[in-house]
Structure formats: structure tokens, C-alpha cells
Amino acid sequence: MKEHEIRPEALLNRFLELTAEDAKNYFSNETRLEVSCVACGGTQTKHQFDKNDFAYVRCVDCGALFQSPRPTIANFELFYRQSKSSCYYAEVFFPAIAETRREKIFRPRVEQLMKLCEEKAINVKRLFDVGAGFGIFLEEWRKCFPQAQLLAIEPSAPLARECRSKSLEVVEETVENVVGRDNSADLVTCFEVLEHVYDPLAFLQVLRRLVRPGGYVLVSTLCIDGFDLQVLWDKSNQISPPHHINFLPVEGFKKLFQRAGLINVEVTTPGRLDVDIVRNACKSNPELLQGQRFLNNLLEDDSSATALQNFLVEQRKSSHAWVIGQKK
Ligand SMILES: [Zn+2]
């Protein structure tokens with residue numbers, strides 16, 4: 001898989017342009033409050049950089065990178081409901097690559113999750129997917145497990161409609177407002193949402209609430225220990241406020257899950273794109289790795305680039321992480 005297959009350059013650039021405009025239009029003169037570490041709760045932070053007028057700090061204790069001081073949650077809610085970049089993502093960006101993503105992301109995701117469930121002997125009779133989006137993951141899961149009870153939790157009206165059109169059961173609510181579903185799922189999944197969430201601890205606690213005792217929560221998100229984020233840092237397109245505001249390290253994920261009351265927490269970084277992302281960033285900005293002869297040589301050669309990506313996965317140094325935890 002290549003970055004531009006799932007994020008075509010022209011669409012990505014347009015999305016980033018709109019995001020920068022939205023950052024001004026939706027957040028300009030607001031009061032902002034410092035937040036404690038989104039992973040460990042620590043209060044000692046160091047300022048790292050500003051982007052789109054959003055400041056990012058790093059937790060001195062665990063190394064999490066997060067946006068702080070933060071505008072109000074009401075600001076973010078309005079932004080996600082109305083902003084041009086959010087609409088562009090749902091109406092233009094995602095539909096254009098939905099079928100490619102089915103092939104390159106969602107089917108492999110189902111296979112990977114099936115393997116994980118087998119390893120942990122999780123019998124998934126009831127699965128809730130939080131932030132179900134276009135419903136493609138659940139649709140693919142249903143192909144493998146037609147008997148499973150599936151629930152899409154999706155607050156956005158157009159996306160909830162997409163899920164219904166695939167004959168999925170849908171709760172059109174933010175997960176915090178879901179009622180009557182506590183202690184019922186064998187597995188709650190939540191893909192690529194945590195990096196957007198205002199209060200990750202409260203969010204994780206809600207996911208835990210939906211799981212039956214002994215059941216599991218699985219989250220996939222961005223990991224700050226990963227290669228492309230470490231190399232590109234503030235120049236990474238993944239750091240695109242107001243969209244992405246939380247980047248946890250491997251140890252930070254463990255702390256966050258434990259604080260939310262989950263046990264047997266395991267973190268893997270099965271990402272496939274770090275090396276390709278850095279290569280692409282260097283193509284559009286050749287000065288990025290100027291003077292880094294060894295790294296440039298490594299990246300230029302296809303076979304060493306592939307080996308490097310495999311190494312990153314093995315050593316948990318990719319910036320795409322999966323975190324699983326169990327409810328007692
Ligand atoms: Zn921390």
C-alpha cells in the first residue's frame with residue numbers, strides 16, 4: 001500500500017488548505033484552556049510548536065504530544081458539524097477513495113482483527129463500531145461473520161445514512177450519548193477517532209462501559225513514537241489542527257487504557273506507510289532531510305525501504321498503532 005493510493009495528493013492538499021481556513025474561521029478569538037496530559041494526566045508540559053495557530057505541547061512524564069491550550073468543546077463540535085474541511089472529507093475525499101480503502105485498509109483490517117480475536121479467544125457475537133463512518137469495516141466484518149450482531153455508532157447524519165443504506169443497525173449519536181447498551185458488546189472497535197477526541201480519558205471510559213465484563217476495547221490511532229511523526233514532527237500532514245489533537249506514545253496508550261479501567265493492555269504498531277510518507281514529504285520538500293545522507297540512502301532504495309518498514313512494525317516504531325484492553 002502507498003500513501004497516495006489512500007490519500008491522493010490533490011485531494012489531501014485541498015483538505016489541508018480547507019483545514020487551515022477552518023482553523024481561523026471557527027476558532028479565532030476563543031478562550032483556550034490548558035489541559036493536562038491526555039495520556040497520563042500529568043501537568044508538566046513543554047511547548048513544541050504552533051500550527052494553524054494551535055499550540056502543541058509534549059508531556060514531560062510520558063512524551064505524549066497534544067494540542068494545548070485547547071479551545072472549548074463547543075467550538076470543536078461546531079467545527080465537526082459545519083466546517084468546510086469536515087464536509088469535504090465526508091462528501092468528496094472519502095467517497096473518492098472508499099473502494100480503494102475497502103481493498104487496501106478495511107479488508108486487511110478485518111483479517112488482522114480476526115487473527116487477534118483468535119489469539120485472545122474472543123468470541124465476537126456482538127460488535128459495536130464507534131465512529132463507523134461509511135460502514136465499510138462492519139460490512140466487511142459481516143461478510144466473514146454473517147451471524148454477528150453489529151452496531152454502528154455514528155453521530156454524523158450523512159454518514160449514519162450511509163451505514164443504514166448498507167443495512168447496518170445504527171445509533172446516530174456521539175458515543176457519550178448512547179443509552180441502553182451498557183455491558184453488552186463482546187468487542188468495541190474504534191478506528192482512527194482517538195486522535196480527534198476532546199477528552200480521550202472520558203471517551204475511553206465510555207467505550208469500556210459498552211463492553212461486557214471480560215470483553216475488549218480495540219482502538220487504532222496515530223502514535224507519536226512512530227517513524228514518520230518523529231522525522232517530520234511539525235511538518236507532518238498528520239498534525240493538522242483542528243482535526244488531529246492527540247498523539248500518544250506506546251507507554252502513554254497503556255497509561256490511558258489503565259486509567260480508564262482496562263486491563264491486559266497491549267500495543268502494536270502494524271502501520272505500513274511510515275517510510276512512504278517520509279519519502280513523499282521529501283519529494284515535495286527536498287530540504288527536509290538535507291545532509292541526512294544515511295537516511296536518504298536508506299529511503300531511496302526500495303528493498304531497504306521495505307525492510308525498514310518491517311523493522312518499524314517489529315519494534316513498535318510505526319506511527320499507526322492498535323491498542324487493545326480488556327474489561328475485568
Ligand atoms: Zn503524559
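This report describes the zinc site, the aromatic pairs and the arginine–ring contacts of a predicted model.

## Zinc site

The zinc ion has four cysteine residues as its protein donors: Cys37, Cys40, Cys59 and Cys62, each through its SG atom and lying 2.3 Å from the ion. The angles subtended by the four donor atoms run from 103 to 118 degrees. Four donors count as tetrahedral if all angles lie between 85 and 135 degrees, and the arrangement around this zinc ion is therefore tetrahedral.

Along the sequence, the donor residues follow the spacing C-x2-C-x18-C-x2-C. Cys37 and Cys59 link distant parts of the chain, being 22 residues apart. Cys37 belongs to the loop between helix H2 (9-27) and strand E1 (45-51), whereas Cys59 is in strand E2 (residues 54-59). Because buried means under 20% relative accessible area, Cys37 counts as buried at 3% relative accessibility. Cys59 is also buried, with a relative accessible area of 3%.

## Aromatic pairs

The whole structure contains 19 aromatic pairs. One of them joins Tyr26 and Phe79 in an edge-to-face arrangement, at 6.2 Å centre to centre and with 75 degrees between the planes. Tyr26 is located in helix H2 and Phe79 in helix H3 (residues 73-82), so this pair ties together parts that are 53 residues apart in sequence. Phe79 is buried, at 0% relative accessibility.

A further pair consists of Tyr56 and Phe247, whose ring centres are 6.4 Å apart. The planes of these two rings stand at 55 degrees, so the pair is classed as tilted. Tyr56 is part of strand E2 and Phe247 part of strand E9 (residues 246-247); the pair therefore ties together parts that are 191 residues apart in sequence. Tyr56 counts as buried, at 0% relative accessibility, and Phe247 likewise counts as buried, at 0%.

## Aromatic cluster and arginine contacts

Ring pairs also connect several residues into a cluster made up of Tyr26, Phe27, Phe54, Phe76, Phe79, Tyr80 and Tyr198. Tyr26 and Phe79, described above as an edge-to-face pair, are both members of this cluster.

Tyr198, another cluster member, has Arg70 over the face of its ring, at 5.9 Å from the ring centre.

Terms used. Residues are numbered from 1 along each chain as its sequence is written. This is a predicted model: local features need pLDDT of at least 70, side-chain atom pairs count only at pLDDT 80 or more; totals for chains, interfaces and linings use all residues. Side-chain values use heavy atoms; hydrogens and water are left out. Donors are N, O and S atoms within 2.8 Å of the metal (3.2 Å for Na, K and Ca); water is not among the atoms, so sites may look incomplete. Four donors count as tetrahedral if all angles lie between 85 and 135 degrees; four count as square planar and six as octahedral if opposite donors are over 155 degrees apart and all others between 65 and 115; anything else is irregular. Helices (H or I, at least four residues) and strands (E, at least two) are DSSP runs, numbered from the N terminus. Buried means under 20% relative accessible area, exposed over 50%, partly exposed in between (1.4 Å probe, protein chains only). Rings of Phe, Tyr and Trp (its six-membered ring) pair if their centres lie within 6.5 Å; planes under 30 degrees apart count as stacked, over 60 as edge-to-face and the rest as tilted. A charge sits over a ring if NZ of Lys or CZ of Arg is within 6 Å of the ring centre and within 35 degrees of the ring normal.
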